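Please consider the structure shown below.

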Amino acid sequence: MRKLLLWVVLLLSFSAHAQHTLRLVVKDDQSKLPLAGATAYIADLKKGGVSDTSGHIIIKNIPSGKYEIKLSMVGYLPADKTLAFPLKSPDETVEVYLEPMAGELAEVVIQTNRTGRNRSDIPTRIEALPPEELDEKGTMRPGDIKMLLGEITGVHIQATSAVSGLASFRIEGLDSRYTQLLQDGLPTYDGFSGGLGLVQVSPLNLKQVEIIKGSASILYGGGAIAGLVNLISKTPGKKPELNFLLNQNTAKGTDASGFYSRQWHKVGTTIFGAYNYNGVYDPGSTGFSAIPKTNRFLLNPRIFWKPGSKDSLWFGVNILHEDRKGGDMRVLRGHPDNLHQYFEHNISDRLSSQFSYTHKLDSNSQFNFKNAAGYFNRKLSQPQFNFRGVQVSSYTEANYVRNGKVASWVAGTDVWTDHLTPKEGSANLGYSRDTYGLFAQNTFKPAKWFAVESGLRLDGNSPSPATPSNGLFLLPRVNALFTLNEHWTSRLGGGLGYKMPDIFNDDAEEQGYRYLQPLNTGATKAERSADANWDVNYKGVLGDAFLQVNQLFFLTRVNDPLILQHNAFINAPGYLLSKGAETNMKLLMDELGIYLGYTYTDVQRHFNGLATAQTLTPKHQLNTDMTYEIENSFRAGIEGFYTGSQLLGDGTTGRSYWTFGLLVQKMWKHFDIFINGENLTDQRQSRWGTIYTGSMSSPIFKDIYAPLDGAVINAGIRIKLLN
């Protein structure tokens, strides 16, 4: 009997200390394909493993009992699974599915670098705003992209008119003339037409926005010294789409738009149309419009065709008419007199076409041809002054792309023409410029942990500037990517850039082209730049959350910058130096997302041996955002923006300020409703002092460094007939 009891005790003890084996296979929840590099961890036992190329993980020596297994992988939502050991089937392989992350943390395919690679694999630092974020910003401000770009770390929106609502964007503290705004990789908002670009683009027709900070001259030529923003238009999806959006705001604005998309066997189409209206609005009772009276019509149809397995092309047309009038409120209401006379009236018409053709040579290489042609007619009227010009421009490019396992190539040539003809006795501010470019860029990845992207561009310009007198520019650039492990990466890069002299910048827009003297290109030096940037990135699981951190440091020097002096643009005797840092942090916990972005910018003018701070450049900016979202059902968010003090043109300092916003959106299958509030604490420059000097009839407006429109609430509905 004693022996029997002893055996029972021994068996129970053995069972209690039995060791078991867990076999997992981790797969993508959408594609059902196995995932390599996923992590499974049992916190109670401090045991774990990483999936192999077939998605399998084996964890041995697990005691009997119930345990929680935490699963995670970069780019996927973390998951938990609780299992009791021993399993019912000891040899069972447990399948686990991870859900890909949406939005900013998801893997994004980049188009701006021409190779169609994921952003995480590219040595050039490229940021991307995905469809989810564009959808959110589109409901906040459907009529333009000022808010969309202004909320990007390192990008600053600068008002260029106190009464007409015009604005430009600056990257890393440098003037807007050092940036490019592209549509599907094509320059359609440059030169004379660039002054209205931000306020004439709707975010509702975009599926992605890509940003390069620092010189991007290898593929896109001169003008991208500070960086570029590439607006990627929507394309037909697998399912047809037809939706309409109606929006009304408290600043007397109304927006109506429609979007249709369909893909048949070989042919597809997208059609986007919009009407934007705003009544004249003066919340601060300054006597001048904070928001002008605006009427704008936009139509953008595109056709997509795949005639064969190796060929694809698309063709699009952009048609726009806008009538924008701001100024003295009594003039705008039809009651001018001897004192009340001032106005700014912009009438513009834009007609442009875009064409792209791709021929696949084999599975790894292709030939691309694209073209953009633009006609832009703008008439700017002020009291006793009119300027009307017609800009005709074109861009044509042919390139060859080859993607290999170790090395990839992009090589090609482009031709850029730009001509402005003044009309009706306007000031002689016309110009004619042709640029011919050759470029080649190589991406070399000899090891998993290292990749380098190097390129060279040669541009010829006619007419040529004073230096170099032959108009030739040789532009090298090198970027390197270091992948330390699945969590840590770093990029280091630098290169040269240039900008041909012209008068189209923030100063010219602020002056309304009045009294400006023509620019003699042959007697003016081209602006030339050198830049460097370095960033460090972290992605990983933090408890039940996913954390992404990016730290960037940047430095750009621009030699012989153009400055406005006595109504003429001349080369300054010295250089600009822009340096600073950006910090981005994003934390995702199930349906809750928290974002924090900080920008430090220090731009100094080194003229005649003296260093002075550049005006209208806040050193400190902070963006915060917290969003709760149930996919395809509900979204709510609150955001705050801090803009630090900045030096103004009259030598004074503009005060720092915070603005706050709130969004609530409810989605159903066939319609969404939303309400959004901007600048809810009503921060306005007009509350802190007058915005002009002189008389009402001949005002001289001060630098605009803060909002003028105050608190604005908008609400609307999106009707989804096909989805």
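On a 1 Å grid over the protein atoms alone, a pocket is an open set of points with protein on both sides within 12 Å along at least five of seven lines, while a cavity is a set of points where a 1.4 Å probe fits but cannot get out; lining residues have an atom within 4 Å of a point. Grid points are joined across faces, edges and corners, and a volume is the space filled by probe spheres set on the points. This is a predicted model, in which local features need pLDDT of at least 70 and side-chain atom pairs count only at pLDDT 80 or more, whereas totals for chains, interfaces and linings use all residues. Residues are numbered from 1 along each chain as its sequence is written, and side-chain values use heavy atoms, with hydrogens and water left out.

The second largest pocket holds about 1,400 Å³ of space. It is lined by 46 residues, of which Asp-507, Glu-510, Gln-511, Phe-701 and Asp-703 are the closest to its centre. Helices (H or I, at least four residues) and strands (E, at least two) are DSSP runs, numbered from the N terminus. Among the elements that each supply at least two residues of this pocket's lining are helix H6 (506–511) and strand S41 (699–701). Strand S29 gives the most to the lining of this pocket, with four residues.

Of its 22 lining residues, Ser-176, Arg-177, Tyr-189, Gly-194 and Gly-195 are the closest to its centre. Strand S10 (167–171), strand S11 (179–183) and H6 are the elements that give two or more residues to this lining.

Thr-413 and Ala-398 are 15 residues apart in sequence, and their C-alpha atoms are 5.7 Å apart in space.
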